[in-house]
Amino acid sequence: MSSTESATEATKPVRIETAEELDALVAEHDRVLLDIYTKGCTLCQSIEPVLGNVAKATDVVVAMINPQTDMSVAERYTIRSVPTLLLFEDGELVDRLADGFQGAQAVVDFVENDER
């Protein structure tokens, strides 16, 4: 089963490894929340269960990528710190959240923000 197939019924974050997988996921789904993390980042580890709750509470597909597996992702989206959350709607990057650890309600509010 591919990452995009498992994301269609995802109630937990889907792990992807390449920019190509990200592009396919974003093309296939109306809304995608991407968590950019690195191994060994304690804030990144802390936010993972939060993202599972966000996946269950919203209609957004939640994905995670370690940019160390494909540095073009970090370059493409100018990632300067982790964790960084990127929100895609209809194939376009519409917002980012790079304020360190965020609780589930803060991330849900970020995803559900109608003012963008």
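Asp-90 sits in the loop that links β4 to β5 (92-97), and this spot makes a handy way into the predicted model. Is Asp-90 buried or exposed? With a relative accessibility of 64%, Asp-90 counts as exposed, because the cut-off for that class is over 50%.

Two of the pairings can be named here. Phe-88 has Leu-93 of β5 as its bridge partner, and Leu-86 stands opposite Arg-96, again in β5.

Strand β2 (residues 31-36) runs antiparallel to β4, and 6 bridges hold the pair together in the bridge count. At one point in this pairing, Ile-36 stands opposite Thr-84 of β4. So how much of β4 is covered? Of its 6 residues, 5 are buried, so the strand is mostly covered, buried here being under 20% relative accessible area. As a general point, side chains in a regular strand alternate between the two faces of the sheet.

The peptide bond joining Val-82 and Pro-83 is cis, with omega at about -5°. Thr-78 lies in the loop between α4 and β4 too. In terms of cover, Thr-78 is partly exposed, its relative accessible area being 41%.

Arg-76 is part of helix α4. At 39% relative accessibility, Arg-76 counts as partly exposed, since that value falls between the 20% and 50% limits. Which residues does Arg-76 touch, leaving aside those up to four places away in sequence? The contacts are with Ala-19 and Asp-23. Thr-18 is 58 residues away from Arg-76 along the chain, but the C-alpha atoms of the two are separated by 12 Å.

Val-82, one side of the cis bond, also turns up in the surroundings of Thr-38. Thr-38 is found in the loop between β2 and α3 (42-57). Its relative accessibility is 18%, so Thr-38 counts as buried, a class that requires a value under 20%. Not counting residues up to four places away in sequence, Thr-38 touches Cys-44, Asn-66, Pro-67, Gln-68 and Val-82.

Zooming out, the protein has 5 helices and 5 strands. Read along the sequence, these elements follow the pattern α-β-α-β-α-β-α-β-β-α.

How does the overall size of the protein fit the globule rule? The radius of gyration is 13 Å, and a compact globule with 116 residues would be near 13 Å, so the two agree. Taken along the principal axes, the C-alpha atoms fill a box of roughly 30 × 30 × 25 Å. Contacts tell something about how the chain is put together: among those between residues at least 6 apart in sequence, 66% join residues at least 24 apart.

As for the surface, 46% of the 116 residues count as buried. The protein exposes about 6,100 Å², and carbon and sulfur atoms supply 46% of that area. Charged side chains come to 9 positive and 22 negative. The centres of these two sets lie 7 Å apart.

Technical notes. Residues are numbered from 1 along each chain as its sequence is written. This is a predicted model: local features need pLDDT of at least 70, side-chain atom pairs count only at pLDDT 80 or more; totals for chains, interfaces and linings use all residues. Side-chain values use heavy atoms; hydrogens and water are left out. Helices (H or I, at least four residues) and strands (E, at least two) are DSSP runs, numbered from the N terminus. The radius of gyration is taken over C-alpha atoms; the globule rule is 2.2 Å times the number of residues to the power 0.38. Buried means under 20% relative accessible area, exposed over 50%, partly exposed in between (1.4 Å probe, protein chains only). Contact means heavy atoms within 4.5 Å. Accessible areas come from the Shrake-Rupley method with a 1.4 Å probe; for residues, only the protein chains shown count as cover. Lys and Arg count as positive and Asp and Glu as negative; His and the chain ends are not counted. The place of a charge is taken as NZ of Lys, CZ of Arg, CG of Asp or CD of Glu. Two strands pair if DSSP finds at least two bridges between them.
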